[in-house]
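Here are some notes to read alongside the structure. Keep the 3D view open and find each residue as you go.

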Amino acid sequence: MGARILIAKPGLDGHDRGAKIVARSLRDAGFEVVFTGIRQRVPDIVATAVQEDVALIGLSILSGAHIALTTRTVEVLRAARAGDIAVVVGGAIPASDIRRLHKAGAAAVYPTGTPLDEIVTDIRRLTAAPDRS
């Protein structure tokens, strides 16, 4: 079994189809995936990540609050002494915001339309999970 991954939908965004597709692709690639469901608070996401001993949190954000939510997630992880948990973010993200998300602490950014195999390969790299193909 690959690394444990938490897929989370922070904030008020209720659209989870993309997050579920990514979660299924990661599961099919051998990762153990925990999905929080929609409308999660950042402190609850971090608490779940720590409790579930995940290697990486994938934030799925379509609401336009991606910079604030990513920044807050990284801050709460550090405050919980869990700053070693990588954070990636995907969703409706303008190209002009990618650099800001990296500066906020995102290990990777996946705008809408990123190929699933690219996400899987990147998550393997970020979690040092072996390639099972």
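Predicted model: local features only at pLDDT ≥ 70, side-chain atom pairs only at ≥ 80, totals over all residues.

At what angle do helix 1 and helix 5 pack, and how far apart are their axes?

1. **Packing of two helices.** Helix 1 covers residues 17–28, and helix 5 covers residues 116–127. They pack at an angle of about 60°, and their axes are 10 Å apart. That angle makes helix 1 oblique to helix 5. The range for roughly perpendicular starts at 65 degrees. The crossing of the two helices is right-handed.

2. **The residues in contact.** Helix 1 brings Ile-21, Val-22, Ser-25 and Leu-26 to the contact. Helix 5 brings Leu-116, Ile-119, Val-120 and Ile-123. Sort the residues of this contact by type: seven are nonpolar, one is polar and none is charged.

3. **Salt bridges overall.** How many salt bridges does a search of the whole structure find? It finds six. Three of them are described in the next points.

4. **Arg-4 and Glu-52.** These side chains meet in a salt bridge, with 2.9 Å from N to O. The pair links distant parts of the chain, as its partners are 48 residues apart. Arg-4 sits in strand 1 (residues 4–8). Glu-52 lies in the loop between helix 2 (42–51) and strand 3 (56–61). Arg-4 has a relative accessible area of 26%, so it is partly exposed. Glu-52 is partly exposed too, at 23%.

5. **Arg-27 and Asp-28.** Here the closest N and O atoms of the salt bridge are 2.8 Å apart. Arg-27 is partly exposed, at 47% relative accessibility. Asp-28 has a relative accessible area of 55% and is exposed. The cut-off explains the two labels: exposed means over 50%.

6. **Arg-125 and Asp-122.** The side chains of this pair also form a salt bridge, with 2.8 Å from N to O. Both residues belong to helix 5. They are three residues apart, so about one helical turn separates them. Asp-122 counts as buried, because its 18% relative accessibility is under the 20% cut-off.

7. Which residues do salt bridges with shared partners join into one network? They are Arg-4, Glu-32 and Glu-52.

Note on methods
Residues numbered from 1 in each chain as written. Heavy atoms only, no water. Axes fitted to C-alpha atoms, helices over the stretch in contact; angles between N-to-C directions. Helix = DSSP H or I, 4+ residues; strand = E, 2+ residues; numbered from the N terminus. Parallel < 35°, antiparallel > 145°, perpendicular 65-115°, else oblique. Left-handed = near helix turned anticlockwise from the far one by under 90°. Contact = heavy atoms within 4.5 Å. Nonpolar A, V, L, I, M, F, W, Y, C, P; charged D, E, K, R; others polar. Salt bridge = Lys/Arg side-chain N within 4 Å of Asp/Glu carboxyl O. Buried < 20%, exposed > 50% of the residue type's maximum accessible area, 1.4 Å probe, protein only.
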